[in-house]
Amino acid sequence: MASAKEGKLALIIFAVAIFFSYAHPYHIHPYRTFYHELIICLGLVGAMAYFVIRPVPAMTLGAESTAPVKAAAVRLRFPALLALPIGIVLLILLQVVLGMIVPASFVAFPIMYLLLFAVAIVFGSSLALDKSTLDMATRAIALASLLAASLSLVFQHIQIMGLDATPFVMYIAKDPNVAMRPFANVAQPNQLALLYFFALAGLWYFYRTHTFSAFSSAAIAALILWGAVLTQSRIGWILVPLFFVYTVLQLDTNRRKGALVMLALVILYAALTFCLPQISQAMGFSAGSVADHVGGRSERTGLWQTAWQLAAQHPWLGVGWFGYGPGQVSVGADFASSTYAEHAHNLLLNFAAELGWPATILIMGGLCWWFYQTCISSSKNKAPKSMPLQFCSLCLVAVGVHSMVEFPLWYAFVLLPVGVLMGMVHQLRWSRAGTAVKPGIVLTGFVVACVLMMAITLDYQRVVGGFKVLRNAQASFQTQQEFLQKPRFTLFPQFFEYFKLTRIKPHEGMSAEEINYIETWSPRFGFVHILSQQAEMYALNGQPKKAARTMLTLQRLHPIPYPEYYDYWKAKGAEDPRYQAVFETMPARDAP
């Protein structure tokens, strides 16, 4: 049996994984967060493995159990909350059976992520079986978030200064005419903003547990808020007031003084947000103003309209998991210009579009009820001073708000820590004894998971190699074409179909099989060059109305690069009347 230190080691493994999933600098096309997510997946299964082999002391099995347990016993908590990931998995499998998801291999990753989410819930609930372990887990996750945010703040300023610190920091070229949103190594400013609010939740935990003094906590909070301002993410406009109200209500001593300090931080955040254009100019970079963010073109409105339309067309079971992107291509011409995306940037509408309204209402209604019971009702009645509960509540509020304008749970480095937090607060609300399990079962699962992740990584590397070959081929370099051929087994079949799609040159007299192939796979990608290729196919094969609608879709989903394709079709139209017939129906070059 392992030593007691390995109980702490389990949490260290998970915390280190959280840290590096944000700090890791390599974003490799086409899944740019692949290795960030691989790190947190390995961290979760590694932490779970170490957790089950540590000795469990007697008398630590929860409020309802007083029987001593042998040191060799391992107990895990399997809460009713597991119905969430398991229910979604079953619904996805139903969509596969009904032929709504083709090819069926598309469900491999969502099912794996949902199963890992279930593991995270079990891990979090099991940590909360013992108060000392719960406190240790909260400290570990809070510290990992705070350290990752602190390092990201340093990286942001390296990017602002235009320094080339590769390979440790992602490089951003400075352009005085283009607004910069420094994103550290997270590579997505809104995701970085979410990390900063996780860090603020962690800072609140350390302040309330007297790890940090009031002065140092306020100073660090000011720096974190400055980092959030630099991301120019609008989720802060909602989360800063929410955090202020929640934390002030939790104060029990020196409430007046604490409220004044936190109000000063809110005012500081507001002032920095409004003055960012002037501050950025003084620091040598360009940033957008509040007016730009409020009055600019709303891409999300178009995305939400699309999701609503897809849900209205497929109200019962949706268009199928991961079907929003192709669905958007199918109806994009019916709405104002927005942008092409693989999700609706709104959790509720994305579920409605891909899973249907009945499942969405059940999931979202159940989550709202669960959040009220665990984080609001418990805070009022059972554990008003529970710092793990306050930390988890703040994090869940942050990810909940963010999920209304993005899809952060798309990423494992957000989904899995959130699963752990959900498991922790569930156990705090509905305290139950764990279930005895054999360590060998969990360790076998760990080995299987590691083997699968290694195989998936090798599979992904074939895709990365294929994109390198494709780029070389487009640059007229000699390439090894076999890297573009789909292997007998792959979990990334869509990319090999993409390789094939890009090598098809539209021409007159294409066979029905070729046309059907392009019609099948082009919506799966919806990229600007793919849509233009599809329109050319229609134009050259006697389907000008379909070509015209495809070009309208291109303009609606890609309004920024559209002028380039407008010029291309204009030039082709001067040579070929078939192109000219389509060109005459296209939106103006400067169409909004």
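Helices (H or I, at least four residues) are DSSP runs, numbered from the N terminus. The model is predicted, so that local features need pLDDT of at least 70 and side-chain atom pairs count only at pLDDT 80 or more, while totals for chains, interfaces and linings use all residues. Residues are numbered from 1 along each chain as its sequence is written, and side-chain values use heavy atoms, with hydrogens and water left out.

**Exercise 1.** Describe the surroundings of Y269.

Solution. Begin with the location: Y269 lies in helix α9 (residues 255-283). Next, take the accessibility, where buried means under 20% relative accessible area, exposed over 50%, and partly exposed in between (1.4 Å probe, protein chains only); Y269, at 5%, is buried. Then list the contacts (heavy atoms within 4.5 Å): leaving aside residues up to four places away in sequence, Y269 touches L225, V229, S233, G236, W237 and V240. Finally, consider N254, 15 residues from Y269 along the chain, whose C-alpha atom is 23 Å from that of Y269.

**Exercise 2.** Determine how many disulfides a search of the whole structure finds, and examine C375.

Solution. Apply the criterion, a pair of cysteine sulfur atoms within 2.5 Å; the search of the whole structure finds 0 disulfides. For C375, the closest cysteine sulfur belongs to C392 and is 7.3 Å away, which is too far for a bond. As to accessibility, C375 is buried, with a relative accessible area of 2%, whereas C275 is partly exposed at 37%.

Note on methods: Helix = DSSP H or I, 4+ residues; strand = E, 2+ residues; numbered from the N terminus.
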